Amino acid sequence: MSHSHGHSHSHEGGHSHSHGSHSHQLPAPPPPYPSAHDDASSSSSSSDSSMDHDSRSSDKEDLHKATVVATFDSYLRQALSANQRRRGDFYSLPAEHRALLPGYSDLLNMVDERLVVNEVLVKAMVEQNVFPPSEDAALRAKAPSEAEHERLRSTLRQCVRDWSEIGKEERDTAYRPILDALEEQYKDLDLDQRAEIKILVPGAGLARLAWEVVRMGFSTQANEFSLYMLIASSLLLNNISHPNQFTLHPYLHSFSNFRNSTDLLAPVQIPDVLPSDVGETRGDFSFAAGDFLEVYRDEHGTYSTILTCFFLDTARNIVSYLLLIHQLLKEGGTWINLGPTLWHFENTEGASSVELTMEEVKRLAERVGFRIENEKEVQTCYTSNPRSLLRHEYTAAFWTATKL
């Protein structure tokens, strides 16, 4: 579910892959990973029925991959079409009205030119896609919907949040409290000792938070479900040769709430750092693609610390999330959280969802077996445009918790 003014981690099936912390090389195509089951799906007692279900699930996933790839492939065409609609609306005005808007046609032309610049980044992402669909699925898949195009636009905004200088303000408010708490916990460990500490970051998005944790010396696994995020992060983590390699104009897709055309057309350089440079860390860096509840359901006591940032409210069933976080932690392990309760599946047709208040989430965590400490509220935004005349701000909850 996507919120136009919120944060979104689209829920799509994926596959597992990993990459070395110093590698520019793409990982080999991963083995199949089962897609997340819908709440309505039921297991069959018949092995034949089970095979049929697996086949249907695999086919559904393959078709989804094809739709996502088609969304990347049609980015420029769709974006230019939207701008052409503006052009048509402008030229449908009476001539005397157009004469009072002397620069508008030139602005639309400048937007077209910058959309072509954006296409360079979007094309690079999909060309490095390690989750390709079958040729058959590419022929059978549905054309991308407006919701799919918005997921891609959201991913481009996420590039700004995670991998640009402009995104630093948001990262400082959302990631810095988590990283500071992590540093405080392990401040007495040297790099060799930190490499033995395993950290998990579910809902990792484009993985900047996980990357910062690796740079601190810890062995880190990022987990993400959105195929849009996975395709983008594969390029950013594995195929960047120098900082500021790409130019992105992230604000062209809506003309609302701008002070002037300069702000609308503003470029952003991506990425602000070289992601393959993780400093002197001895920790491993891996990326597991797929639904959190599916990928980790059979693991127990694997991680010393789990970091959740804008993740809890992606749950359909928050109880399942907290039970699994508890299960994955070692005895005495820590969970560090920062985020709001913008429940992603609330009022979504066909999706079950249990929504709790923040206090109810904390009481649930205590009943699951956590001791919550260091609570505070943090004012932060999510993929906001600092140049916009409209900003949505969250009062996010922060805490550290210990597994009892």
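## A walk through the predicted model

Let's start with the overall build: the protein has 15 helices and 10 strands, taken as DSSP runs numbered from the N terminus (H or I over at least four residues for helices, E over at least two for strands). This is a predicted model, where local features need pLDDT of at least 70 and side-chain atom pairs count only at pLDDT 80 or more, while totals for chains, interfaces and linings use all residues. Residues are numbered from 1 along each chain as its sequence is written, and side-chain values use heavy atoms, with hydrogens and water left out.

Of the 404 residues in the protein, 53% are buried; buried means under 20% relative accessible area, exposed over 50%, and partly exposed in between, with a 1.4 Å probe and protein chains only. The accessible surface comes to about 18,100 Å², and 49% of that belongs to carbon and sulfur atoms. These areas come from the Shrake-Rupley method with a 1.4 Å probe, and for residues only the protein chains shown count as cover. Among contacts (heavy atoms within 4.5 Å) between residues at least 6 apart in sequence, 78% join residues at least 24 apart.

Now to helix α10, residues 208-215, which is mostly covered: seven of its eight residues are buried. Those seven are R208, L209, A210, W211, E212, V213 and V214. After α10 comes G217, with a positive phi near 110°.

Next, two loop residues. L101 sits in the loop between α3 (95-98) and α4 (104-127), and L101 counts as partly exposed because its relative accessibility is 40%. T357 is found in the loop between β8 (329-339) and α15 (358-368). With a relative accessible area of 43%, T357 is partly exposed. W343 is 14 residues away from T357 along the chain, and their C-alpha atoms are separated by 10.0 Å.

Finally, let's look inside. A search of the whole structure finds six cavities of 30 Å³ or more. On a 1 Å grid over the protein atoms alone, a cavity is a set of points where a 1.4 Å probe fits but cannot get out, and lining residues have an atom within 4 Å of a point. Grid points are joined across faces, edges and corners, and a volume is the space filled by probe spheres set on the points. The largest cavity holds about 140 Å³ of space. It is lined by 14 residues, and I166, E170, S384, N385 and P386 are the closest to its centre. The elements giving two or more residues to this lining are α6 (146-163) and α7 (168-174), with α6 giving the most, three residues.

Terms used. On a 1 Å grid over the protein atoms alone, a cavity is a set of points where a 1.4 Å probe fits but cannot get out, and a pocket is an open set with protein on both sides within 12 Å along at least five of seven lines; lining residues have an atom within 4 Å of a point.
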